[in-house]
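Have a look at the structure shown here, and let's work through it together.

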Amino acid sequence: MENTPYATFDYSELPIIKIEFTGEDATDENFEHYLKEMVEIPSKTKYYILIMDTSKSSYLSVKHRILQGQYLEENKEHIAQKAIATLFITPSFLHRTILKALFVIKSYPSPVFIIGNQEEASQKIEELLKDEKINT
């Protein structure tokens, strides 16, 4: 039985990296693949803007949230050095509120923007790239 990915990664517009959560429940196998890919991001580009589309994301178990936290802790220097920003596309007001509260409690290694849709993400990316004087 093939394991559906937890998230897909799109590097076609570097330095913009798009991660879309598939809506598939996290399993040990697909979550491990997701985290391995996350670890590889800094080696793929000099700097990046990460767009995490959580529109289809599903509930993440405590076990997998702990693994996510360990990944962030172990990789915070690389993220802080190479990530211009991380944008979370989160259409749900409730989920945006929860994410904002989470990042007040535990800061993220790069600047974080929690936004409602792809159009807002595009506008924010243009602004960030202009601020960084980066042409794509």
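The questions below walk through this predicted model, with each answer ending on what was asked.

Q: How many cavities of 30 Å³ or more does a search of the whole structure find, and about how much space lies in the largest cavity?
A: Searching the whole structure for cavities of 30 Å³ or more turns up one. As for the space in the largest cavity, the value is about 40 Å³.

Q: Which elements give two or more residues to the lining of the largest cavity?
A: Let's begin with the lining itself, which is made of Met38, Ile41, Tyr48, Leu50, Tyr71, Ile79, Thr86 and Tyr108. The elements giving two or more of the lining residues are helix 1 (28-44), strand 3 (48-53) and helix 2 (62-82).

Q: Which residues of helix 1 are buried, and what covers them?
A: Helix 1 has 17 residues and spans 25 Å from first C-alpha to last, close to the expected 24 Å. Its buried residues are Asn30, Phe31, Tyr34, Leu35, Glu37, Met38, Ile41 and Pro42. What covers them includes strand 1, strand 2, strand 3 and helix 2.

Q: Why do the buried residues of helix 3 line one face of the helix?
A: Helix 3 covers residues 93-105, and its buried residues are Arg96, Leu99 and Phe103. Seen down the helix axis, the buried residues line one face because they fall within an arc of 65°.

Q: Which residues are exposed on the other side of helix 3?
A: The buried residues of helix 3 have a cover that includes strand 4 (83-89) and strand 5 (112-115). On the other side of the helix, the exposed residues are Phe93, Leu94, Val104 and Ile105.

Q: Which element gives the most to the lining of the largest pocket?
A: The largest pocket has a volume of about 1000 Å³, and 29 residues line it. Helix 2 and helix 3 each supply at least two residues of that lining. With six residues, the element that gives the most is helix 2.

Q: Which lining residues lie nearest the centre of the largest pocket?
A: By class, the lining has 15 nonpolar, ten polar and four charged residues. Those nearest the centre are Leu60, Arg65, Gln68, Leu99 and Leu102.

Q: Which residues is aspartate 25 in contact with, leaving aside its neighbours within four places in sequence?
A: Aspartate 25 lies in the loop between strand 2 and helix 1. Its C-alpha is 8.9 Å from that of threonine 4, 21 residues away along the chain. Beyond those neighbours in sequence, its contacts are Tyr6, Asn30 and Ser58.

Q: Is glutamate 73 buried, exposed or partly exposed?
A: Glutamate 73 is found in helix 2. Buried means under 20% relative accessible area and exposed means over 50%. The value for glutamate 73 is 39%, so this residue is partly exposed.

Notes. Residues are numbered from 1 along each chain as its sequence is written. This is a predicted model: local features need pLDDT of at least 70, side-chain atom pairs count only at pLDDT 80 or more; totals for chains, interfaces and linings use all residues. Side-chain values use heavy atoms; hydrogens and water are left out. On a 1 Å grid over the protein atoms alone, a cavity is a set of points where a 1.4 Å probe fits but cannot get out, and a pocket is an open set with protein on both sides within 12 Å along at least five of seven lines; lining residues have an atom within 4 Å of a point. Grid points are joined across faces, edges and corners, and a volume is the space filled by probe spheres set on the points. Helices (H or I, at least four residues) and strands (E, at least two) are DSSP runs, numbered from the N terminus. The expected span of a helix is 1.5 Å times one less than its number of residues. Buried means under 20% relative accessible area, exposed over 50%, partly exposed in between (1.4 Å probe, protein chains only). The arc is that of the directions from the helix axis to the C-beta atoms. Contact means heavy atoms within 4.5 Å. Ala, Val, Leu, Ile, Met, Phe, Trp, Tyr, Cys and Pro count as nonpolar, Asp, Glu, Lys and Arg as charged, and the others, Gly among them, as polar.
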